[in-house]
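Here's a quick tour of a protein model, written for someone who likes to know the cut-offs. Have a look at the fold before reading on.

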Amino acid sequence: MDEGISSNGKSHTLNLEQVPQKGTQNDDFGLASAHTIDRDSWQQVGLMLVTSFNCGWILSFSNLVMLPLGWTWGIICLLVVGFYTAYANWLLAAFQFIDDRRFIRYRDLMGYVYGKNMYHITWIFQFLTLLLGNMGFILLGGKALKEINSEFNDSPLRLQYYIVITGAAYFVFSFFIPTISAMKNWLGASAVVTFTYIIFLLIVLVKDGKSNSHRDYNISGSEVSKVFNAFGAISAIIVSNTSGLLPEIQSTLRKPAVENMRKALYSQYTVGVMFYYSVTIMGYWAYGSMASAYLPENLSGPKWINVLVNAVVFLQSIVSQHLFVAPIHEALDTKFLELDKTMHSGENLKRLFLLRALFFTGNTFVAAAFPFMGDFVNFLGSFSLVPLTFTFPSMVFIKVKGRTARKEKKAWHWFNIVFSSLLTIATTISAVRLIIDNIRKYHFFADA
């Protein structure tokens, strides 16, 4: 075990393996939760990560990542940011245990190490990320349903109708499958449909790419626009690789939780990344600068392929979105459910229904009012997700292991803190600029 220094000046230990009993927790950072802790296998969590990050959002990355960067910088950034993100999550996994305490929530970890202010900042950043992410999923599902209708009707219904249907479907799933661990029986089916639609999609992309002899890979816009758009692309790459909720996912793992979390991460950053990077690159290769923000809009057909891809995107997104919104459900359930009763008791079912209904009603309304999918992705990866992924883990390392770590390690983590802070500023400015630009183009409840 490595010695370090805590926020209160006392020496403490970083324990990678010991799973403490509830009695060793203090009142502020205990293990009380309405959701399951310390039960799942790393294979289950690894499969969940692979399928969840290969959700329908990957259909926007050819446009959001490759168009602003082009071939050379696009490939370089995909590889560098992907590796950097994998390393940051690998590092954060080690801090599930400090001072013989287990931290099942990111905000609890930051609060213990840096105090109440960082607890609240982490809470705001994380929940902002998850709320925006869930709105993006609702938009994604609505877009998929509208594309299906467009194949059979030249005048499809407005996007908002499909957004409402999507929000209702997400609500039903979250009510009957209320926790991350409860997703276990759905992961196999999710994996089958995920890889099915990706394989069919890649086949169509190859066909379209071969038949499209006039692809244009030039990066358009002024020099200033190119710079801001490039930072937006980096935000999108970060979104494609990380979630900002690793401690919450890790809390479901059985011991040794650190080793098992890292095994699950290896699955995501090998098998998982191979698929969503392939779609990103192949979509750009097939359509060049004409790649849409929702790739199925570019597909040449046949009709059944377009319908299949969009149907699977909708169905798969129901499962995927649940992972990214589960910490919000956990916080609400832990606060408002009766923890001395089972989740399926009569009283808790009533409260569960009300909590899920209020949450998805609010998120669906906002998604319908601001249907700008790319903006959600870019803002998600800038203001809140960059600090959660890169800045905070290095801050924890400096505080926990700063006394005993070698100088070069401390210098590396200070570099991470400074660099990721500057990256947060740059990517946030880029995202806000894009949002302002789209607000000028669109109106509330636009049929985007």
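## Ground rules

This is a predicted model, so local features need pLDDT of at least 70 and side-chain atom pairs count only at pLDDT 80 or more, while totals for chains, interfaces and linings use all residues. Residues are numbered from 1 along each chain as its sequence is written, and side-chain values use heavy atoms, with hydrogens and water left out.

## Overall make-up

You're looking at 13 helices and four strands, taken as DSSP runs numbered from the N terminus (helices: H or I, at least four residues; strands: E, at least two). Of the 448 residues, 59% are buried, meaning under 20% relative accessible area with a 1.4 Å probe, protein chains only.

Among contacts (heavy atoms within 4.5 Å) with a separation of 6 or more, 83% join residues 24 or more positions apart.

Helix H2 covers residues 61-93.

## The cores

A nonpolar core is a set of buried Ala, Val, Leu, Ile, Met, Phe, Trp, Tyr and Cys residues joined through side-chain atoms within 4.5 Å. The largest one has 114 residues, and Leu49, Leu59, Ile98, Met261 and Leu323 have the most contacts inside it. H2 gives the most to this core, with 15 residues. Apart from this core lies another, of six residues, including Ala34 and Leu337.

Terms used
Buried means under 20% relative accessible area, exposed over 50%, partly exposed in between (1.4 Å probe, protein chains only). The expected span of a helix is 1.5 Å times one less than its number of residues.
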